[in-house]
Amino acid sequence: MSEGTVTGIGAQVERPLQRRIRIRLWDLPLRIFHWALVAAVTVAIATGNLGGDWMVLHGRAGLAIVGLLVFRVVWGFVGGVHARFRSFWPRPSRVLAYLRGRWQGVGHNPLGALSVLVLLGLLIVQATTGLFSSDDIAFSGPLFNLIDEALAGRLGGWHKRVSNLLLGFLALHVVAIVFYLGVKRDNLVKPMVTGWKEVPAEVVVPRPSGLALVASVMAALTVVYLASGALL
């Protein structure tokens, strides 16, 4: 049998095997962002439920989430090719192709991309409302004094409602990861740890520039500084 073909008893047609290579799919800044966000969200959820003196740490975790989200938004325009929003934006045509089993690509599939965008959107709403809200007991957001108490109360209400929605969505996210691992034999976690994944040989992944990384980090730090209320 010649290399690159598939044959078998009773086979009618020989078809070439698609050569695959191992690439660095997820760049290091994206992977650090991902796991730092997991840690910050976990701390925020735990301390928010504990309340009391833990709310100080809850506020710090919230500021960390703000910084991480700003970094991700900027990195979505200047970062690695598969981290950019334009590379995985879930256009209807892409979603339809995926549902029909015709989608071909690497990185986030269209449904995974939709999940990523929804999760980022929920976290942005959650973090923003937290900056202005107050529980009238142990915690007030760093920008609480910029708005009146009535508006702060409404934002605090949204902060609690979105937190419940966020918990449900995170649970769904974990279920999806387990489904892909158990049913589709696609380990989504490993590439986010190592960065490596096997893909078709024609895929080329250019590295993001150092200037893009510096710009993303500086944007994140600037917004965290402003969000902390340091200028008030």
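**Note on the predicted model**

1. The protein contains eight helices and four strands. The model is a predicted one, and along the sequence its elements follow the pattern β-β-β-α-α-α-α-α-α-α-β-α.

2. Some overall values may be given next. The chain has 232 residues, of which 35% count as buried. The accessible surface comes to about 14400 Å², with carbon and sulfur atoms supplying 65% of that area. Among contacts with a separation of 6 or more, 65% are between residues 24 or more positions apart.

3. The packing of two helices deserves attention. Two packed helices are described by the angle between their axes and the distance between the axes. For helix α2 (residues 55-78) and α8, the axes come within 8 Å and cross at roughly 145°. This crossing of α2 and α8 is right-handed. On the α2 side the contact is made by Leu63, Val66, Gly67, Val70, Phe71, Val74, Trp75 and Val78. On the α8 side, the residues involved are Ala212, Leu213, Ser216, Val217, Ala219, Ala220, Val223, Val224 and Ala227.

4. Leucine 213 lies in helix α8, which spans residues 210-227. Together with Val214, Val217, Met218 and Leu221, Leu213 forms a nonpolar patch on the surface, with about 420 Å² of accessible area in total.

5. How many salt bridges does the count come to? The count comes to one. Aspartate 186 is paired with lysine 197, and their closest N and O atoms are 3.7 Å apart. The pair links distant parts of the chain, 11 residues apart: aspartate 186 is in the loop between α6 (149-182) and α7 (189-194), whereas lysine 197 is in strand β4 (residues 196-200). Aspartate 186 is partly exposed, with a relative accessible area of 23%, and lysine 197 is partly exposed as well, at 22%.

6. Strand β4 also holds glutamate 198. Which residues does glutamate 198 contact, leaving aside its neighbours within four places in sequence? They are Arg20, Ile21 and Arg22. The C-alpha atoms of glutamate 198 and arginine 20 are separated by 6.2 Å, although the two residues are 178 residues apart along the chain.

Note on methods:
Residues are numbered from 1 along each chain as its sequence is written. This is a predicted model: local features need pLDDT of at least 70, side-chain atom pairs count only at pLDDT 80 or more; totals for chains, interfaces and linings use all residues. Side-chain values use heavy atoms; hydrogens and water are left out. Patches are made of residues with over 30% relative accessible area and no salt bridge: like charges are joined within 9 Å, nonpolar side chains (Val, Leu, Ile, Met, Phe, Trp, Tyr) within 5 Å. Accessible areas come from the Shrake-Rupley method with a 1.4 Å probe; for residues, only the protein chains shown count as cover. A salt bridge is a side-chain nitrogen of Lys or Arg within 4 Å of a carboxyl oxygen of Asp or Glu. Helices (H or I, at least four residues) and strands (E, at least two) are DSSP runs, numbered from the N terminus. Axes are lines fitted to C-alpha atoms, for helices over the stretch in contact, and angles run from 0 to 180 degrees between N-to-C directions. A crossing is left-handed if the near helix is turned anticlockwise from the far one by less than a right angle, and right-handed if clockwise. Contact means heavy atoms within 4.5 Å. Buried means under 20% relative accessible area, exposed over 50%, partly exposed in between (1.4 Å probe, protein chains only).
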